[in-house]
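Please keep the sequence and the structure in view while reading.

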Amino acid sequence: MTEPAALASWTRALRRQLDERGLDSAALCGEAGLDPARMDDPNARLPLSATTRLWRLAVNLSGDPALGLQTSRHISPTTFHALGLALAASSTLREMFQRVERYHRVVSDAMRLELHDQGDTSEVRLLLPAEHAPPAPEAIDAFTIIYVRSCRSRLGREFSPLAVYLRRPAPADPQPWLDAFRAPVHFAAQVDLLRFRRADLDIPLNDGNPELAAHNDAVLQQRMDALDPQSWSRRLREALQQCLPNGEPSAEALAHGMHLSLRTLQRHLSDEGTSYEQVLSEVRLRLALIYLRDPGCAISETAYLLGFSDSSSFSRAFKRWSGQSPSQYRAGQITN
């Protein structure tokens, strides 16, 4: 079984934090079995066991159990490559977390994220594979506070979650966590999660950019395909692109064409963090942006090519995806 790994750029943020404190990060990397030079490769992936050793060595040398909270200050959108840029272009926090849920493997396959709505709250859960040792608690700290700071960068510095749950044991001094999250923090929890007001996730973000988000989604999907070239979601996308001009195919018909039952296809897609409906919407949005940039392709023709029964159905769907009508989007392209 292949060991989980994470982007080297993620670990590079820890090195910057150590260097800022006057600690020899290169020496610590060597002690952990990592080549510091590999961190300059934006596509390099480092094994979980080695990065976990680095975190432990860093915490021991610094004497700071809250090191992960501080390391997040050295994270920028490009640390996570196209995912960071896609998150910055998302039109709502819900869309942002759905992207993390879908594409987190590009950054690390040592964990996965799930978004769940429960009444008037929403939970973002970090789930760890049972067959491997978990990441360092400090790495989990860093990921969770990065998500909170991403929300603050979009909704304002005063934004905070309702509550934070961490699997790590309670530290002797919980104040750094309380200061960072500005919310109740529950340690020794069953699962790592962030709890938000559900309504906050659906607030429209004025700086959302659907076209930029879709462009980076395409880059992310290429990375996902490279990590798992035989993924079921990739096969489904390819099948949809061929079928859509003939009308929207049923999930059952596509499953049959892939020699699967519908239930089996749904299970495979769920294992990959997606669904038939998500893949269909992603394919349609990506193709819609291409067709709408072509002034020779009428909006009615675009609707037909995407498998919609009429232009109004396409217009409603496109506005739901992008916040704009197809004609508004096309007018913006002409203006630009």
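Predicted model: local features only at pLDDT ≥ 70, side-chain atom pairs only at ≥ 80, totals over all residues.

Two strands are taken to pair if DSSP finds at least two bridges between them.

Five strands form an open sheet in the order 3-4-7-5-6, and their pairing is mixed. Strand 3 (112–118) and strand 6 (185–186) stand at the edges, and because each has a single partner strand, one side of each is left without a neighbour in the sheet.

| Strands | Sense | Bridges |
|---|---|---|
| Strand 3 and strand 4 | antiparallel | seven bridges |
| Strand 4 and strand 7 | antiparallel | six bridges |
| Strand 5 and strand 7 | antiparallel | three bridges |

Strand 3 and strand 4 form a hairpin with two residues between them, and Gly119, which lies in the turn, has a positive phi of about 65 degrees. Within this pair, Glu114 has Arg125 in strand 4 as its bridge partner, while Arg125 in turn stands opposite Leu193 in strand 7. Strand 7 (residues 192–197) is also joined to strand 5 (residues 163–165), where Val164 has Leu194 of strand 7 as its bridge partner. Strand 4 is mostly covered, with six of its seven residues buried.

**Helices on the sheet**

Helix 6 (residues 93–107) packs on the sheet and touches strand 3, strand 4 (121–127) and strand 7, its direction making about 140 degrees with that of strand 3. Helix 7 lies across strand 3, strand 4 and strand 7 as well, and runs at about 15 degrees to strand 7.

**The nonpolar cores**

Which residues have the most contacts inside the largest nonpolar core? They are Trp10, Phe97 and Phe181, in a core that has 65 residues. Helix 7 (residues 137–155) contributes the largest share of this core, namely nine residues. Leaving aside neighbours within four places in sequence, Phe97 is in contact with Leu113, Leu115, Val124, Tyr147, Cys151, Phe196 and Leu201.

Technical notes:
Residues numbered from 1 in each chain as written. Heavy atoms only, no water. Core = buried A, V, L, I, M, F, W, Y, C linked by side-chain atoms within 4.5 Å. Buried < 20%, exposed > 50% of the residue type's maximum accessible area, 1.4 Å probe, protein only. Helix = DSSP H or I, 4+ residues; strand = E, 2+ residues; numbered from the N terminus. Contact = heavy atoms within 4.5 Å. Axes fitted to C-alpha atoms, helices over the stretch in contact; angles between N-to-C directions.
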